Amino acid sequence: GLSVFLERANGKAPELVASRNIPDTANLQFRITGEEKFLSFAYATTPGSWKTLVSDADVTPITVQAAGGGLHFTGAVIGLYARTEM
């Protein structure tokens, strides 16, 4: 089956934050919303029918302050990807 998941990669191995099994679908949407230092992640298997995967995730670990500041911090990166697991 299919699943949507959120991982945090801030070290050697990614950490699974949340995962949900979803029905097979040809239409999958993702949405990220933020306010101050929190992000919420949602998905929809039918247009507009949003389901929250994670609400109010603290983004403090991906700030300039958490990275120690300086000129070498490239900023927070959020990436979308798919994978097959056997």
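This is a short tour of the structure above, stop by stop, with something to select at each one.

**Before you start**

The model is predicted: local features need pLDDT of at least 70, side-chain atom pairs count only at pLDDT 80 or more, and totals for chains, interfaces and linings use all residues. Residues are numbered from 1 along each chain as its sequence is written, and side-chain values use heavy atoms, with hydrogens and water left out.

The protein has a mean of 83, and 81% of its residues reach 70 or more. Confidence is lowest in β1, at a mean of 90, and highest in β4, at 94. Where pLDDT is low, the predicted coordinates should not be read in detail.

**Stop 1**

Select β3, β4 and β5. These 3 strands form an open sheet in the order β3-β4-β5, with antiparallel pairing. β3 (29-35) and β5 stand at the edges with a single partner strand each, so one side of each has no neighbour in the sheet. Neighbouring strands here are turned by 15 degrees against each other on average, direction ignored; the axes behind such angles are lines fitted to C-alpha atoms, and angles run from 0 to 180 degrees between N-to-C directions.

Now keep β4 and β5. They pair in the antiparallel sense over 5 bridges, where pairing requires that DSSP finds at least two bridges between two strands. Which residue of β5 is the bridge partner of F38? Click on D58 to see that partner. Then find A42, which stands opposite T52 in β5.

**Stop 2**

Is T45 buried or exposed? At 13% relative accessibility, T45 counts as buried. Buried means under 20% relative accessible area, exposed means over 50%, and partly exposed is in between (1.4 Å probe, protein chains only). Leaving aside neighbours within four places in sequence, T45 is in contact (heavy atoms within 4.5 Å) with I22, P23, T25, N27, L28 and K51.

**Stop 3: the nonpolar core**

Select V4, L6, A18, I22, L39, F41, Y43, L53, V54, A57 and V59: these 11 residues make up the largest nonpolar core. Such a core is a set of buried Ala, Val, Leu, Ile, Met, Phe, Trp, Tyr and Cys residues joined through side-chain atoms within 4.5 Å. The elements giving two or more residues to this core are β1 (2-8), β2 (15-22), β4 (38-44) and β5 (51-58).

Zoom in on L53. Setting aside neighbours within four places in sequence, L53 is in contact with V4, F5, L6, A18, S19, R20, F41, A42 and Y43.

**Stop 4: S3 in β1**

Move to S3, which lies in strand β1. S3 is partly exposed, with a relative accessible area of 36%. The C-alpha atoms of S3 and I22 are separated by 5.2 Å, although these residues are 19 residues apart along the chain. Beyond its neighbours within four places in sequence, S3 is in contact with S19, R20, N21 and I22.

**Stop 5: charged pairs**

Side chains of opposite charge can pair when their charged atoms come close. How many salt bridges are there? The count comes to 2, with a salt bridge being a side-chain nitrogen of Lys or Arg within 4 Å of a carboxyl oxygen of Asp or Glu.

- Show the side chains of E7 and R83, which meet in a salt bridge (3.2 Å, N to O). E7 lies in strand β1 and R83 in the segment after β5, so the pair ties together parts that are 76 residues apart in sequence. E7 is partly exposed at 25% relative accessibility, and R83 is partly exposed at 40%.
- Show R8 and E15, whose side chains meet at 3.1 Å, N to O. R8 is partly exposed at 33%, as is E15 at 43%.

**Stop 6: two positive phi values**

Most residues other than glycine have a negative phi. Select E36, in the loop between β3 and β4: its phi is positive, near 55 degrees. E36 is exposed, with a relative accessible area of 80%. Finish at D56 in strand β5, where phi is also positive at about 55 degrees. D56 is exposed, with a relative accessible area of 54%.

Notes: Helix = DSSP H or I, 4+ residues; strand = E, 2+ residues; numbered from the N terminus. pLDDT = per-residue confidence, 0-100.
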